[in-house]
Amino acid sequence: MIIELESVNKIYNLGEPNEVAALHDIDLTVAEGEMVCLRGPSGSGKTTLLSIIGCIFGPTSGRATIGGKRISRLPDHFLTRYRRELIGFVFQHFNMLGHLTVLDNVTLPLLPLGVSPREREKRADALLSKLAIGHRKHFPARQLSGGELQRAAIARALINNPPIVVADEPTAHLDGQLAREIVDLLAGLKGEGRTLILSSHDPLVAGHPRVDRIVDLRDGRIRHADAGG
Amino acid sequence: MSAFFGRFLNILDYALGSLMRNFGKNCSIFILFTLVIFLFASFQLMTGSLTVLAEKILVTAPDITVQQMSAGRQVAIAEGAKEKLAGILGVKKVTERIWGYYFDEATGANYTVIGLTPPEGARDDASWPGVSEGRLLLPHDRGKVVVSRDIRDTLGLGDRRHFSLFRPDLSMASFETVGTFAEKLDLLTADVILMTLADARDLFAIEPGLVTDLLVTVANPQELDTIAGKIAGILPGVRVITRNQIRKTYNVVFSWRSGLGAICFLTALAAFAIFAWDRASGLSREEVREVGILKVLGWQTEDIILLRFCESAVISLLAFLTGFLLAWIHVAVFHGTLLRQVLLGWSVLRPAGAFTPQFAFADLLLTFSISVLPYLCATAVPAWRAAVVRADSVI
């Protein structure tokens, strides 16, 4: 299993008056190459679960093993290291830096790895062409449309060639046709052997034929796990 | 290219881009920092230049100057003391001098009048200041003077060579300028009117047989202090000033004035540090978002600190080099116009000569140490504050 969560709890602001329990006793395993959709209303804990799977922070209690690395009690430095080795992120709000070009945005994860400019551009060119956005690589990100931004964001998520891609509401700001294209693109990554974890309440995502499993979250608990597609 | 070096170059490249993107904010810091460095480096270069010049000028200073004191004030000394001094073993020569000040009401300037009987062959005598135009005084000259270019200008002589000064009884003494001091000696000669001993005595109405100082030349400079001690023993009530004491006085004066500059610099630096801190610590929403995105994409906290460090280092190093270069140009080309009054006094007649900046690695290092390093330290905490923005802030 590439992702193993066992009795995972997450409590924000632990011990403080504004303490919030976001996840309760989550048990979840995901096999390599699987495509899993987390479904649930706002506040159900989808983003928190994605953040733990994405090595952004560890659980408050329980055991979390991602890509064979046990991340439950790791300091930030190691979480960051595993995140850049294992995870590619696609965000709901794209999170592109508007003043940078598409090329610069896509290659951002490679800078602290010491990858040379030539190698960075070579890798980015390959991905941008594959995602049909190569012609926009020198444009500032702020000049791109929503669909183009999300394609660029997928390219950025893949630039490190991560085995796991985590996408948080990837179609939330896209209209029907564009949303379908983006889900198709993401689903296509499954064919490359990558594991995909998507959160969405968009039926288009949950109903995509390549989704292997749908995990329903309510109030921080897994209510139901279904076979997808 | 190692990954470590590659990482550094990549982050430096990103930092340069970031600086350009926030051009307005960074430009204001750069300009202020450059100004602070410029002021301090100008003071340093000018003080160094003056110290070197003073050393050169000291060659023309007498080995020992002897002055008569009465009630703690200087009074005229009898020429008869000359024989006593000449009799001391090791004394090579004793020269009489009249040194006084003449206030010119018309111009508001104070001239230093020096009356000396020039030795035969003064042209070859290193203890005599050189002239750039005309000639030196000759032993039997009467009514002839050598003045500085500044005095020629102040008196409005133009092409004329004659001018008059008032004696104490308000009668006029006329003089003809026969030479102009070399500009390189401006620090010493800017306000000097050099004339023969007899003319100075006549101008100040000093009684025959009296002078203001006796100048002693010693045969062996190593014995300077010993001979100074002997003079003090033989002539009680005199003040004995050695060349080393004059050197110390120069150093004290320049150091004191430079110290004033240093205080101004430190005040400016402190104000700038507060400004830099304020600018660097105020993280905008956009900056927080940028750091959050970088962290979620795999940038470590130390990568963000390195990024901020590169930004600060580029600004401070550029400001340091620019400030120092401007200071050099200010001193070498513009003769320290902005600060020369602070270092050279407020007299009407100030030395107009050029400063020659002295390059000293220690000065460069000192300026660097008290400007760039504090700036980097001042921006370290804001950099750390930026770097600890949580990755999940953008989720």
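Buried here means under 20% relative accessible area. The model is predicted.

**Stop 1: two tyrosines in chain B**

Select B:Y102 and B:Y111. Both residues are buried. Their rings form a stacked aromatic pair, with 6.4 Å from centre to centre and 0 degrees between the planes. Over all chains, the structure holds 8 aromatic pairs.

**Stop 2: two phenylalanines on strands**

Next, pick B:F163 and B:F175. The ring centres are 5.9 Å apart and the planes meet at 35 degrees, so this pair is tilted. Colour the strands to see what the pair joins. B:F163 sits in β8 (residues 162-166) of chain B and B:F175 in β9 (residues 172-181) of chain B, so the contact ties together parts 12 residues apart in sequence. B:F163 has 8% relative accessibility and counts as buried. B:F175 has 2% and counts as buried too.

Stay on β9 of chain B and move to B:T180, which lies in that strand. At 3% relative accessibility, B:T180 is buried. Show its surroundings, leaving aside neighbours within four places in sequence. The contacts of B:T180 include B:V131, B:S132 and B:E133, and also B:V146, B:V147 and B:S148.

**Stop 3: more rings, and charges over them**

Select B:F320, B:F324 and B:F368. These residues form one aromatic cluster.

Then look for charged ends over rings. In chain A, the charged end of A:K10 sits over the ring of A:F57, 4.3 Å from the ring centre. In chain B, B:R21 places its charged end over the ring of B:Y14, 5.3 Å from the centre.

**Stop 4: salt bridges within the chains**

How many salt bridges does a search of the whole structure find over all chains? It finds 29.

Start with A:R151 and A:E181. The closest N and O atoms of this salt bridge are 2.5 Å apart. A:R151 belongs to helix α5 (residues 146-158) of chain A and A:E181 to helix α6 (residues 176-190) of chain A, so the bridge ties together parts 30 residues apart in sequence. A:R151 is buried, at 14% relative accessibility. A:E181 is partly exposed, at 29%.

Go to B:R97 and B:D213. Their salt bridge has its closest N and O atoms 3.1 Å apart. It links distant parts of the chain: B:R97 is in β4 (residues 91-104) of chain B, B:D213 in β12 (residues 213-218) of chain B, and the two are 116 residues apart. Both B:R97 and B:D213 are buried.

Now take B:R308 and B:E287. Their side chains meet in a salt bridge at 4.0 Å, N to O. B:R308 is in helix α10 of chain B and B:E287 in helix α9 of chain B, 21 residues apart. Both are buried.

**Stop 5: where the chains meet**

Show both chains. In contact across the interface are 26 residues of chain B and 30 residues of chain A. Together the chains bury about 2,400 Å², with 59% of that area on carbon and sulfur atoms. Highlight B:N10, B:L297 and B:Q300. These supply 26% of the area that chain B buries against chain A, more than any other three residues.

For polar detail, there are 11 residue pairs in polar contact between the chains, both residues at pLDDT 80 or more. Which elements give two or more residues to the side of chain B that touches chain A? They are α1 (3-21), α9 (285-296) and α10 (301-332) of chain B. Of these, α1(B) gives the most, with 7 residues.

The count of salt bridges between chain B and chain A is 1. Select B:D303 and A:R84, whose side chains meet in a salt bridge at 3.6 Å, N to O.

Follow A:R84 into helix α2 (residues 76-86) of chain A, where the buried residues include A:R84, A:L79 and A:Y82. The buried residues of α2(A) pack against β4 (61-66), β5 (69-70), β6 (87-90) and β7 (164-168) of chain A, together with α9 and α10 of chain B.

**Last stop: chain B as a whole**

Zoom out. Chain B comes to 14 helices and 13 strands. Of its 395 residues, 47% count as buried. Among contacts in chain B between residues at least 6 apart in sequence, 78% join residues at least 24 apart.

Technical notes
Residues numbered from 1 in each chain as written. Chains lettered and ligands numbered in written order. Predicted model: local features only at pLDDT ≥ 70, side-chain atom pairs only at ≥ 80, totals over all residues. Heavy atoms only, no water. Phe/Tyr/Trp six-rings, centres within 6.5 Å; stacked < 30°, edge-to-face > 60°. Buried < 20%, exposed > 50% of the residue type's maximum accessible area, 1.4 Å probe, protein only. Helix = DSSP H or I, 4+ residues; strand = E, 2+ residues; numbered from the N terminus. Lys NZ or Arg CZ within 6 Å of the ring centre and 35° of its normal. Contact = heavy atoms within 4.5 Å. Buried area = accessible area lost by both parts, 1.4 Å probe. Polar contact = N/O pair within 3.5 Å; in protein donor to acceptor, adjacent residues only side chain to side chain.
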